[in-house]
Amino acid sequence: MENRYLQHFLYPSSLFVNKEPFVIKTILGSCVAICIWDKKLKFGGMNHYMLPNWNGNDLASPKYGNIAIDKLIERMFYYGSNRKDLVAKIFGGGELLEASTGNSMMIGERNIRVARLMLEERNIPIVASSTGGKRGRKIIFFNDTGEVRHKFLEKKVY
Amino acid sequence: MSELTDKQLLRELRLRLEERKKFDNEMKELSKDFQSVTKKLKESEALKSHFISNISNEIVNPFTSILGLSKAILSVEKNDWKKVVSMVALIHSEAFNLDFQLRNIFVAAKIEAGEIAPNITKVNIRSLAQTVIDSFNIISRKMGIDIDLQFNVEYGFGKNFYFKTDSEKLKLILSNLINNALKYSYKDSKVIVKIWVDEDILNISVQDYGTGISEKNQKIIFERFKRLDSGINSINRGHGLGLSITKSLLDVLGGKIEIDSKKGEGSTFSIELPEAKNVIEGFSGDGNDVFFDDDDEIF
């Protein structure tokens, strides 16, 4: 079964959508990855962002949640999706750094919040999620079936 | 409802008040963030229109020169062939510049589309640095600037020091740093490129003796489209993307960049680049790993 899949390792700040069956893999710490899947056309994609909101300084890249989410959805539309067929699964947003209090920190938490907020605004239901906690995650997304395999990492990576 | 004693009531009220205060603070923080981003967006919009006029100059001017010069070459008399050499040199430098700027723009577009990923190979750092420096030879010679490569890697195979990283990205990073150093240098000075290794970290610094950057401006030079002399009358060319691209590329490679500069005395840009690992934890580099573990949760 594995053989019919092409593989893509998703690096932080990037995103990937393809109509062919792919396994898309990534590793998450405080970053968040959104797997988006078209239940009618049976394909999907994933992003992997590091910070919640673009600060207006750097290149407007999918390193930032607000940009990464819209770019992912746009890319799905580009491949022919309708908004009503899209479902999302969100992962990551752990707090790996110890005792980060105060508003400026809590990056994981803020990353998750922007995902939930923006998906709700765009009427895309979140059908599954595994977020928060203190451990990193390894995610494997099958973009044809929409299935996600998920494992916690013992050691922190990112 | 159960009856509350005065004490309990007071405590409850105090708790709620504190909660309320926390939310208030958060609101304040958020609205501050919001305001600053709005301001940034407005600035960004203005910079973007600047960028478009910059970029068209950046592309149109070299093309005009290339077209004009090649036409001139075509109509040169046979006994005037010596003129051709200098015109070809000009064509080369215009085309070089065009190629370099287009590369930057395409990379920026790729970064913004989220399509950038490290492509790791063993890179011969010395020859990479030499290639980049050589590519600026004609420009530096014209300005009378000597680019001095100080390669201080003692261990390994000496001349053939290999380092796992992304060669194309490192080339563009170094090209941007050298291009800036040349652009802001005075005539007949020098640029020093130093390369050394600390543990697993590759260090490269590019030093010039040019105009330098004030402390205030050091903070903003990494912002996209930002140029310190972004007036219509600005002497220097450029689109203001070079350093933000450099920074984003370093992000991809897990590296850092620092500036040390004094106005009027020149600048040193130093980068730190960790050696890339073949295996990303849990995944082998070529992707031939087993991914059906028993303890995988399925969503």
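This is a predicted model: local features need pLDDT of at least 70, side-chain atom pairs count only at pLDDT 80 or more; totals for chains, interfaces and linings use all residues.
Val32(A) is found in strand E4 of chain A. This strand, residues 32–38, pairs with strand E6, residues 86–92 of chain A, in the antiparallel sense over 7 bridges. Strands of a sheet pair through backbone hydrogen bonds, either parallel or antiparallel. The two strands belong to an open sheet of 5 strands in chain A, whose order is E2-E5-E4-E6-E7 and whose pairing is mixed. At the edges of this sheet are strand E2 (15–18) and E7 of chain A, each of which pairs on one side only. From one strand to the next, the twist averages 10 degrees.

Two helices pack on this sheet. H1(A) touches E2, E4, strand E5 (43–49) and E6 of chain A, and its direction makes about 165 degrees with that of E5(A). Helix H2, residues 107–121 of chain A, touches E4, E5, E6 and E7 of chain A, and the direction of H2(A) makes about 25 degrees with that of E4(A).

H1(A) can be followed in more detail. The helix has 14 residues and reaches 20 Å from its first C-alpha to its last, close to the 20 Å expected at 1.5 Å a residue. Its buried residues are Gly65(A), Ile67(A), Ala68(A), Ile69(A), Lys71(A), Leu72(A), Ile73(A) and Met76(A), and what covers them includes E2, E4, E5, E6 and H2 of chain A. Just after H1(A), Gly80(A) takes a positive phi of about 105 degrees.

Returning to Val32(A), is this residue buried or exposed? Val32(A) counts as buried because 30 other C-beta atoms lie within 10 Å, where 20 or more are enough for that description. Leaving aside residues up to four places away in sequence, Val32(A) touches Tyr49(A), Gly65(A), Ile90(A), Phe91(A), Gly92(A), Gly93(A), Asn111(A), Ile112(A) and Ala115(A). Val32(A) and Gly94(A) are 62 residues apart in sequence, yet 8.5 Å apart in space, C-alpha to C-alpha.

In soluble globular proteins, nonpolar side chains tend to be buried together. Here the largest nonpolar core has 41 residues, of which Val32(A), Ala33(A), Ile34(A), Cys35(A), Ile36(A), Met46(A) and Leu72(A) touch the most other members. At least two residues of this core come from each of E2, E3, E4, E5, H1, E6, H2 and E8 of chain A. Ile36(A), for instance, touches Gly44(A), Gly45(A), Leu72(A), Ile73(A), Met76(A), Leu86(A) and Ala88(A), again not counting residues up to four places away in sequence.

Key. Residues are numbered from 1 along each chain as its sequence is written. Chains are lettered from A and ligands numbered from 1 in the order in which they are written. Two strands pair if DSSP finds at least two bridges between them. Helices (H or I, at least four residues) and strands (E, at least two) are DSSP runs, numbered from the N terminus. Axes are lines fitted to C-alpha atoms, for helices over the stretch in contact, and angles run from 0 to 180 degrees between N-to-C directions. Two residues are in contact if their C-beta atoms, placed from the backbone, lie within 7 Å. The expected span of a helix is 1.5 Å times one less than its number of residues. A residue is buried if 20 or more other C-beta atoms lie within 10 Å of its own, exposed if 12 or fewer, and partly exposed in between; C-beta atoms are placed from the backbone. A nonpolar core is a set of buried Ala, Val, Leu, Ile, Met, Phe, Trp, Tyr and Cys residues joined through C-beta atoms within 7 Å.
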